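Visitor: Please show me how to read a few features of a protein model.
Guide: Here is the model to look at.

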Amino acid sequence: EMKMASIWSSSTSYTWTGADYLVNFAKDNNMEVHGHTLIWYNSFPDWFKNAKYDSIAFESKTKIYITDVVGRYKGKVKSWDVVNEVFADGGALRDEAVIKPVFKDPIGFYGRCFKYARAADPDAKLFYNDYSVVIDAGKRAAIKKMVARFKANGIPIDGLGDQFHYSVDQGRQGMKNGLTDLASTGLLIHISELDIKVNLNKSDSYVFNDVEAQKQGDTYNYITTMYEELPQNQKFAISTWGVTDKYTWLTGWWHPKEYPLLLDSDYNKKPAYQGILSGLK
């Protein structure tokens with residue numbers, strides 16, 4: 001609901017209904033909100049893409065958008081993914097058709113977006129978010145290089161998120177080494193979109209039995225334990241990408257027989273739930 005395509009209905013209007021609902025729900029229930037995401041190549045609305053703006057118009061429109069959205073939720077949204085998924089696997093700039101063709105220096109543009117967000121809410125924590133970060137050394141190196149450039153140029157960035165869309169067979173030591181390397185930036189670290197796939201072969205005959213459930217629980221436990229070993233002042237949050245197996249993007253994107261979350265489709269706690277808890281200090 002906080003993605004651009006949901007909010008930015010035209011060059012002169014916003015649709016706040018969904019985002020307002022979430023923010024008010026959080027307030028009523030004493031919860032904090034992390035805003036996902038201000039700038040993502042895949043969420044620019046069609047009217048914007050069809051306008052074929054040059055870099056000046058593109059950026060001035062985007063600046064107004066960031067200013068209005070972050071400003072509206074100032075003090076209510078504690079943190080933002082300002083920019084999402086800039087790099088391709090291996091670390092090159094993602095070859096998308098929305099931002100990259102418009103700017104000679106896309107990274108410079110992204111940095112200015114962080115500045116616009118900071119100006120709109122000086123207290124919000126600002127994040128860069130991407131996937132496969134701890135397991136893709138090339139992508140991680142590109143992110144670290146961007147962070148170094150931002151720091152050198154006074155661009156405000158507080159943290160880095162890795163969307164932990166991994167699976168039970170993901171190499172554990174590799175994840176841990178990658179997380180340690182990411183933390184060498186000194187920034188806050190967010191495990192941002194955690195879910196753990198179990199049906200690795202996309203099998204129609206897959207059965208999520210007790211053994212599989214325990215494997216998943218152990219993986220969740222490893223991840224939270226590993227996270228807790230980070231320096232205390234760099235631990236931001238762990239966010240799961242959904243609550244119950246009844247509603248998960250993976251049943252559409254991966255396989256209908258997928259059970260990646262902490263609660264089963266009847267909202268019962270799985271070993272994954274115990275696993276994540278027992279890993280927390």
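Visitor: In which helix does Phe25 lie?
Guide: Helices are DSSP runs of H or I with at least four residues, numbered from the N terminus. Phe25 is part of helix H2, residues 17-28. This is a predicted model, where local features need pLDDT of at least 70 and side-chain atom pairs count only at pLDDT 80 or more, while totals for chains, interfaces and linings use all residues. Residues are numbered from 1 along each chain as its sequence is written, and side-chain values use heavy atoms, leaving out hydrogens and water.

Visitor: Is Phe25 buried, exposed or partly exposed?
Guide: Buried means under 20% relative accessible area, exposed over 50%, and partly exposed in between (1.4 Å probe, protein chains only). Phe25 counts as partly exposed because its relative accessibility is 42%.

Visitor: Which residue forms a salt bridge with Asp181?
Guide: A salt bridge is a side-chain nitrogen of Lys or Arg within 4 Å of a carboxyl oxygen of Asp or Glu. Asp181 pairs with Arg140, and their closest N and O atoms are 2.7 Å apart. The pair links distant parts of the chain, with Asp181 in helix H7 (residues 172-183) and Arg140 in helix H6 (residues 137-152), 41 residues apart. Asp181 is partly exposed at 24% relative accessibility, whereas Arg140 is buried at 10%.

Visitor: Where does Asp130 stand, buried or exposed?
Guide: Asp130 is buried, with 0% relative accessibility. The side chain of Asp130 forms a salt bridge with that of Lys139, 3.0 Å from N to O. Lys139 is buried as well, with a relative accessible area of 0%.

Visitor: How many salt bridges are there by this rule?
Guide: The count comes to 14.

How values were computed:
Helices (H or I, at least four residues) and strands (E, at least two) are DSSP runs, numbered from the N terminus.
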